[in-house]
Amino acid sequence: MDPELVVSGNATADGGYAAAAEILDRYPEKDRPTALFCLNDRMAMGAYDAIKERGLAIPGDIAVIGFDNQELIAAYLRPKLTTVALPFEKMGALGVKTLAALTAGQPITAGQQLVDCPLLERSSV
């Protein structure tokens with residue numbers, strides 16, 4: 001991974017806009033990244049604005065992927081946002097199960113903490 005391609009920002013639409021603007025403005029067109037992976041769907045929403053303000057098309061010029069599948073964002077952006085879904089119900093159930101095991105003095109292994117986070121392919125890639 002190239003650390004030059006990582007931009008930090010707060011986890012809001014404004015943070016996504018600022019981070020995307022920074023990365024897009026850093027490189028000339030021929031060297032510009034072809035995709036952005038955003039920390040969450042709110043940041044992806046802001047990235048959409050930065051991309052479109054520069055006259056670029058999603059996904060034609062640059063693909064965008066979010067993380068967390070906030071349906072009020074991901075399914076209603078145009079084009080619809082490809083995102084990684086967080087299975088909140090499974091995560092909560094695993095948290096309760098883990099807490100119960102720890103309370104009972106049972107050991108917890110890393111493999112017990114994993115949940116599947118599926119990629120929801122939409123139109124932004």
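**Close-up views of the sheet and its helices**

**View A. Strands β2 and β3 run in parallel.** In this predicted model, β2 (residues 63-68) pairs with β3 (residues 82-85) in the parallel sense. The pairing spans 4 bridges. Ile65 sits opposite Thr82 of β3.

**View B. An open sheet is built from 4 strands.** Their order is β1-β2-β3-β4. The pairing is mixed. The edges belong to β1 (35-37) and β4 (119-120). Each edge strand has a single partner, so one side of each is left without a neighbour in the sheet.

**View C. Helix α2 lies across part of the sheet.** Helix α2 covers residues 41-53. The strands it lies across are β1, β2 and β3. Relative to β2, helix α2 runs at about 160°.

**View D. Helices α1 and α2 pack together.** Two packed helices are described by the angle between their axes and the distance between the axes. Here α1 (residues 13-26) meets α2 at an angle of about 45°. Their axes are 6 Å apart. The crossing is right-handed.

**View E. Residues of α1 and α2 meet at the helix contact.** From α1 come Ala13, Gly15, Gly16, Tyr17, Ala20, Ala21 and Leu24. From α2 come Arg42, Met43, Met45, Gly46, Ala47, Asp49, Ala50, Ile51 and Glu53. By class, the contact of α1 with α2 holds 10 nonpolar, 3 polar and 3 charged residues.

How values were computed: Residues are numbered from 1 along each chain as its sequence is written. This is a predicted model: local features need pLDDT of at least 70, side-chain atom pairs count only at pLDDT 80 or more; totals for chains, interfaces and linings use all residues. Side-chain values use heavy atoms; hydrogens and water are left out. Two strands pair if DSSP finds at least two bridges between them. Helices (H or I, at least four residues) and strands (E, at least two) are DSSP runs, numbered from the N terminus. Contact means heavy atoms within 4.5 Å. Axes are lines fitted to C-alpha atoms, for helices over the stretch in contact, and angles run from 0 to 180 degrees between N-to-C directions. A crossing is left-handed if the near helix is turned anticlockwise from the far one by less than a right angle, and right-handed if clockwise. Ala, Val, Leu, Ile, Met, Phe, Trp, Tyr, Cys and Pro count as nonpolar, Asp, Glu, Lys and Arg as charged, and the others, Gly among them, as polar.
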